[in-house]
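This report describes a protein structure in terms of its strands, helices and contacts. The sequence and the coordinates come first.

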Amino acid sequence: MSLVVGVDIGNSTTEACAALITAEGVEFLGSGLVPTTGIKGTTANVDGVEAAVRAALRTSRLALPALQRVFVNEATPVISGLAMETITETLITESTMIGHDPRTPGGAGLGVGVTVAFGELDECSPGEKVIVVVPVGIDFAVVSKALNAALERGVDLRGAVLGNDDAVLVANRISCSIPIVDEVRLVSSVPLGMTAAVEVAAPGRTIRTLSNAYGLATVFELNADQTRAVSPVARALTGIRSAVVVRTPSGEVSDRHIPAGTLELGGETSTVRIDVGEGAEAIMAALARVTPMKDASGEAGTNVGGMLASVKENMADVSGVDLAEVRIGDLLAVDTFVPQEVRGGLAGEVALENAVALAAMVRTSHGPMQQVALAISQRLRREGAAEVEVVIGGVEAEMATRGALTTPGTDRPLVVLDLGGGSTDAALADRSGAISTVHVAGAGDLVTRLIASELGVERDVAEEIKQSPLAKAESFFHLRLEDGTVQFFEEPLPPEVFARVVVLSTDALVPIPVRHSVDRIRQVRRTAKQRVFVVNALRALKQIAPYRDLRQIGFVVLLGGSALDFEIPELIADALAPYGIVCGTGNVRGSEGPRNAVASGLVLSRS
Amino acid sequence: MNVLELREIGRAEKGARPDEVVLALSPGFATFFTKTIVDVPHSEVVRQILAGIEEQGVQARVIQVKARADLAAMAHTAARLSGSGIGIGVLARGTSMIHQKDLPRLSSLELFPQSPLMTPEVFRAIGRNAAQYAKGESPQPVPTLNDQMARPRWQAKAALLHLKECELLVKGAPPVEVEPVLTA
C-alpha cells in the first residue's frame, strides 16, 4: 500500500490528486487545484506543485511525510500566441459628412440648404435656404433667439448643426420644426457656403434619405457617375438616427482596404500564399489544403509579416528556443471587426472596421521535465516528505483519455477535447486503446481578445463578460437577466450597478462600463465562442477522426477550464449532434467535473 | 444677469409621471442667497440643470425644502416625490447629489461634495445624467473633480454658509412645489 499524488502542470492551473495504491486497486482520496507558477515546464512550477500537493493531501486528511510517490506529466509541447490587424479603414476628406450618432438630436425630417456660420446669419436675405452651423460655447438661449429672429425676417432655415449638446433645447425654443444635429466636436471645420443636407429620424427609427445612394442623388442632383462616387457615404450612414452630408467639390468618404500582406503557409508537399485581406474563410481554406502545416510566415514589411514575427518572438521568449527554430504548427484565422474612430471625422464618428485575428501555435521540443522533477523532489523532501520519489509519467494525451474514461457513461472510441486558454487539444483513444493526438491553435484567450476588440473594452472586462451571463439592474430590487426573466432581491443592490449592464459572476455583480445593450454584448460573446471553440472542435475532430469521418467517433468528452464555461459545452454539443456523437462536459472519477483528468490518469496508469 | 424667482405653487405632492425628475432646492436657495460659493448665480444653476433634463426629453419639477438643509435628506425627499424615483438635491452653496427613492437615505447615485468646484457645465451634466437614470439608461457618472486645496481654502466659508442656511429652517414645514421664473 502506498500513498501517491498525480500532478498535472497546465498552462494556467496545476492540478493534483492523492490516492492510495493497494493490491486491490486504486482508492482516490482527495484533489487540489492551484494557479500554475511560472511558465509550464520550467523549475518555477515547483511552488505551484507544492501548493497543489499540499491541497490534495489536505482534502485527504493526510500529511506530507506519508507521501511516497509523485507522478508528474510530460507537458503538452504546445504554446500559442495571438495577433490582430485591421484590414479596412474609413476616411472622410474635406469634412463631407457627419455621421456620428448623438443620443439626443432635435426635431425631425430632412433639410437641404447652404451652410452658413452662426455669426453671419444676420446677413442672410429672406427666402435663402440655410443650414446654420453653430460653434461650441454659444448658449442655447442665444442660439434660439438668433434663429427665431432670422426666421422672423423670412430666412428659410432648413436645418442646424451644433457644437454643444443642445439640439432638443434649441428645437423646443424655435418657431418652426427643423432637423438639428448636435455634439459635433469639430464644428468649426464644417465647410461653409456649400450645399448640405441634415436629416434626423423620429425616435426609434433610422435615417432613410442620406443612407440611400439614390436619396443622396436626389438631394444633390447627381448624375450616375457622381452617385457611384457618393455611395460609400450612404453606406457609412446606415443604421443611425441623424446625419449631415455636405457636398464639397472633391470631398468623399472612402472605404480603403489596407494592404495587409500575404501569408505563406508551408505544408509537407506544397506552399500556399494567401492575401490576408481575403478574410478568415479564405485563409482557413488555404490552411486546409496544406495541413499538416510545417510553418507559416508573413510577407516581410507588411502587417501580417509583423504579426507573425511578433508571435514567433513572443514564443521564442517563452520557450527559450532560438527564434529561427520556432515553427508555427497551426493557425486559426477569425474575421472580426474593431470600432475605430474615422479619420477626418468631425464628431468622433466610429466605423466598424474589418479585422483579422490570428491565433498561432508552436510545437516546442519537450521541456526540461527532468530538471523540474528533480526540483520538485528536492522541495518536497525539504518540506518533510523524506521518502518521496518523483516520477515523470506517460504522454499527456494518454493520461487525459485514461482520466476522461472515468467519466460515467463513456467508452472507446472516445475523443478528449481539452479546451484550454491558448490551444484546443484533441486526443483519440480507439477501440484497441491506441492514442493519437492533434493540437489546434485558438481557445479561450482568443475569445477574450475578440470580445475586447469588438466591444471596445479592456481585457479584464472582456474576461468577465466571457465567463458569466449578463443582466441589467433595472431597479435597486430587481435584475432583468439576459434570458428575459427577472430576479428580485430583498436587500437593495449596490448603487454602482444601478441602471447598468452587469456580469453575474459567482461572487459579485460586475458593472460593465459600456453603452452596449445586454443583447448586443450577449451576441458578441456567443459569436466569439462559436467562431473559436465550435470551429476548432470541428477542425480538431476532423483531423483526428478515423478516415476523417466524424461518425466514427462515439464519445466526445470536454475537459479543461473552458469546459466549465456556462455555454461553450452546449454550443459544441449542438454542433456535433448531427454526427450522432455523444458530447458533454467530462466528470472525471464521477466527482471532479472536467478537472483533474490528467492527474487521475497518471495515478491510474501506475496501479 | 438673470434673476431667479421661485413662485410657490403649493405643497409638493408625489408625481405620477414615470418621465420626470424632481429637483429639490435648499431653504436659502434663490431666497436669502443668490449665488453659489464660487459666485455661480442660482438662476444659472437651475437653468443648466433644467436644460440638461430637457435635452434628454424628460420632464422636471422643482421643489423647495423648508425644514432640512441636509443634502442627502433633500435629495432623497426629491427622489421619493419623483414619479421616476430619481431626484436631485442642490444646496445654496452648490453642493449637489443625484438620488434614487429605493436607496438608503445616506447613500446616493452620484454625489458632488465639493461646492467650490461646481461649474455651470457640471450642473448641466447633473441634469443630463439624472434624466438618463429616469429613462432607465446607463449614463457614465459625471467626472467629479477633487481639489486637495478646496478644503483648507473654502471650508470656513462653506461652514458659515451652512450655518446661515440652517438659520432659515422652518421646523416641520413640508416641501413646497415652486415654479422657477427667470427674468432678465
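How many bridges join strand β15 (residues 262–267) of chain A to strand β16 (residues 271–275) of chain A? The number is 5, and the two strands run antiparallel.

## Basis of the description

This is a predicted model, in which local features need pLDDT of at least 70, side-chain atom pairs count only at pLDDT 80 or more, and totals for chains, interfaces and linings use all residues. Residues are numbered from 1 along each chain as its sequence is written, while chains are lettered from A and ligands numbered from 1 in the order in which they are written.

## Chain A overall

Chain A contains 14 helices and 30 strands. Helices (H or I, at least four residues) and strands (E, at least two) are DSSP runs, numbered from the N terminus. Along the principal axes, the C-alpha atoms of chain A fill a box of roughly 105 × 65 × 45 Å.

Of the 607 residues of chain A, 48% are buried; a residue is buried if 20 or more other C-beta atoms, placed from the backbone, lie within 10 Å of its own. Among contacts in chain A with a separation of 6 or more, 68% are between residues 24 or more positions apart. Two residues are in contact if their C-beta atoms, placed from the backbone, lie within 7 Å.

## The strands around β15

Two strands pair if DSSP finds at least two bridges between them. β15(A) and β16(A) form a hairpin with 3 residues between them, and in this pairing E264(A) stands opposite R273(A).

β15(A) also pairs with strand β17 (residues 293–298) of chain A, in the antiparallel sense and over 5 bridges.

An open sheet of 5 strands in chain A has the order β26-β25-β24-β27-β28, with antiparallel pairing. Its edge strands are β26 (486–488) and β28 (509–511) of chain A, each of which pairs on one side only. Neighbouring strands of the sheet are turned by 35° against each other on average, direction ignored. Axes are lines fitted to C-alpha atoms, for helices over the stretch in contact, and angles run from 0 to 180 degrees between N-to-C directions.

Within this part of chain A, strand β24 (residues 470–473) and strand β25 (residues 478–481) run antiparallel and are joined by 3 bridges. A471(A) has L481(A) in β25(A) as its bridge partner. Helix α12 (residues 518–544) of chain A lies across β24 and β27 (501–504), running at about 165° to β24(A).

## Helices α9 and α14

The axes of helix α9 (residues 396–404) and helix α14 (residues 597–604), both of chain A, come within 7 Å and cross at roughly 95°. α9(A) and α14(A) are therefore roughly perpendicular to each other, a term for angles of 65 to 115 degrees. Residues making the contact include M399(A) and A400(A) of α9(A), and V598(A) and L602(A) of α14(A). The contact residues divide into 7 nonpolar, 3 polar and 2 charged. Ala, Val, Leu, Ile, Met, Phe, Trp, Tyr, Cys and Pro count as nonpolar, Asp, Glu, Lys and Arg as charged, and the others, Gly among them, as polar.

α14(A) is mostly covered, with 8 of its 8 residues buried. Among them are S600(A), G601(A) and L604(A).

## Chain B against chain A

In the interface, 15 residues of chain B are in contact with 17 residues of chain A. Helix α1 (residues 42–55) of chain B supplies the largest share of the chain B side, 3 residues. That side divides into 4 nonpolar, 7 polar and 4 charged residues.

Technical notes:
Angles under 35 degrees count as roughly parallel, over 145 as roughly antiparallel, 65 to 115 as roughly perpendicular and the rest as oblique. A residue is buried if 20 or more other C-beta atoms lie within 10 Å of its own, exposed if 12 or fewer, and partly exposed in between; C-beta atoms are placed from the backbone.
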